[in-house]
Amino acid sequence: MNSKNMKTGGAGCLASVLIGVPVLLLLIILGYMTYSSYNGMVTREEGVKAQWAKVETNYQRRIDLVENLVSVVKGYAGHEQNTLVEVIEARSKATGVTVTGDALTPEKIEQFQAAQDGLSSALSRLMVVVEQYPDLKALAAFQQLTADLKQIEEGILTERNAYNDKAQEFNTYIRRFPKVLFAKWFGFETFGYFKASEEAQKAPKISM
């Protein structure tokens with residue numbers, strides 16, 4: 001091999017190295033960004049799901065309590081049939097609408113909220129009726145149930161707000177560039193929110 005060929009070959013090797021190094025660095029950076037973005041999305045997604053479980057727990061506690069509350073009220077105000085039926089039907093609807101942590105879409109959250117807010121509204125009307133029955137309000141069992149209900153309602157508002165915060169954090173995270181590209185690549189979707197409404201912003205009025 002003459003010197004000319006040696007120089008040409010050396011130049012070719014040098015060019016390959018000069019091209020290969022930036023490409024390698026780019027692949028390393030892209031790999032790290034992919035790894036970091038994916039893990040960040042998973043961590044935040046699991047945080048949203050964990051918070052949703054707390055929301056569900058509080059709503060389930062209310063559903064479980066309503067049956068006992070209706071039974072106690074019926075014993076003193078059985079002729080208030082329409083109001084009691086409304087509560088029972090609203091409870092049934094709320095029980096029938098469930099959302100798993102893997103399906104927290106805006107549409108599903110809206111359906112869930114509508115059913116639960118319907119129960120809140122029915123309970124509010126029931127408490128208005130109860131005001132007409134001082135003997136019922138003085139009953140120890142009723143007082144305990146209403147105290148538990150008040151605590152649950154406060155817990156619901158707290159956990160709903162915390163869920164919205166977690167969902168907003170996740171949604172913002174996956175919509176920022178360049179994470180939005182990785183989110184689409186890996187199939188991450190935005191979560192739905194609880195929307196402000198008259199029933200969502202206040203618990204049923206409970207007089208002790």
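In what order do the elements of the protein chain run from the N terminus on? They run α-α-α-α-α-α. In total, the secondary structure comes to six helices and zero strands. Helices here are DSSP runs of H or I with at least four residues, strands are runs of E with at least two, and both are numbered from the N terminus.

Before the details, some ground rules. This is a predicted model, in which local features need pLDDT of at least 70 and side-chain atom pairs count only at pLDDT 80 or more, while totals for chains, interfaces and linings use all residues. Residues are numbered from 1 along each chain as its sequence is written, and side-chain values use heavy atoms, with hydrogens and water left out.

Now the chain as a whole. It has 208 residues, and 35% of them count as buried. Buried means under 20% relative accessible area, exposed means over 50%, and partly exposed is in between, using a 1.4 Å probe and protein chains only. A contact means heavy atoms within 4.5 Å. Of the contacts with a separation of 6 or more, 83% are between residues 24 or more positions apart.

Next, the core. A nonpolar core is a set of buried Ala, Val, Leu, Ile, Met, Phe, Trp, Tyr and Cys residues joined through side-chain atoms within 4.5 Å. The largest one in this model has 45 residues, and those with the most contacts inside it are Trp-52, Leu-69, Val-73 and Tyr-163. Which elements give two or more residues to this core? They are α1 (3-77), α2 (81-96), α3 (106-130), α5 and α6. The largest share, 13 residues, comes from α1.

Please find Tyr-163 on the screen. Not counting residues up to four places away in sequence, Tyr-163 touches a list of residues that includes Val-48, Gln-51, Trp-52 and Val-55. Also among them are Leu-104, Ile-109 and Phe-191.

Glu-153 is a charged residue, and it lies in helix α5. Is Glu-153 buried or exposed? Glu-153 is buried, with a relative accessible area of 3%.

On to the salt bridges. A salt bridge is a side-chain nitrogen of Lys or Arg within 4 Å of a carboxyl oxygen of Asp or Glu. How many salt bridges does the structure hold? It holds seven, and I will go through some of them.

Glu-169 forms one with Arg-44, with the closest N and O atoms 3.7 Å apart. Glu-169 is in helix α5 and Arg-44 in helix α1, so this pair ties together parts that are 125 residues apart in sequence. Glu-169 is partly exposed at 41% relative accessible area, and Arg-44 is partly exposed at 27%.

Glu-67 and Arg-91 form another, at 3.7 Å from N to O. Here Glu-67 in helix α1 is linked to Arg-91 in helix α2, 24 residues apart. Glu-67 is partly exposed at 48% relative accessibility, and Arg-91 is partly exposed at 22%.

Glu-86 and Arg-125 also meet in a salt bridge, at 2.9 Å from N to O. Glu-86 lies in helix α2 and Arg-125 in helix α3, so the pair ties together parts that are 39 residues apart in sequence. Glu-86 is partly exposed at 34%, and Arg-125 is partly exposed at 39%.

Now a loop residue. Where is Val-97 found? Val-97 is in the loop between α2 and α3, and it is partly exposed, with a relative accessible area of 23%. Leaving aside neighbours within four places in sequence, Val-97 is in contact with Gln-111, Phe-112 and Ala-115. The C-alpha atoms of Val-97 and Ile-109 are separated by 9.8 Å, and the two are 12 residues apart along the chain.

Last, a helix pair. Helix α5 (residues 140-175) and helix α6 (residues 179-186) pack at an angle of about 100 degrees, with their axes 6 Å apart. The axes are lines fitted to C-alpha atoms, for helices over the stretch in contact, and angles run from 0 to 180 degrees between N-to-C directions. That makes α5 roughly perpendicular to α6. Angles of 65 to 115 degrees count as roughly perpendicular, under 35 as roughly parallel, over 145 as roughly antiparallel, and the rest as oblique.

The contact is made by Tyr-173, Ile-174 and Arg-175 of α5 and by Lys-179, Val-180 and Ala-183 of α6. These residues divide into four nonpolar, no polar and two charged. Nonpolar covers Ala, Val, Leu, Ile, Met, Phe, Trp, Tyr, Cys and Pro, charged covers Asp, Glu, Lys and Arg, and the others, Gly among them, count as polar.
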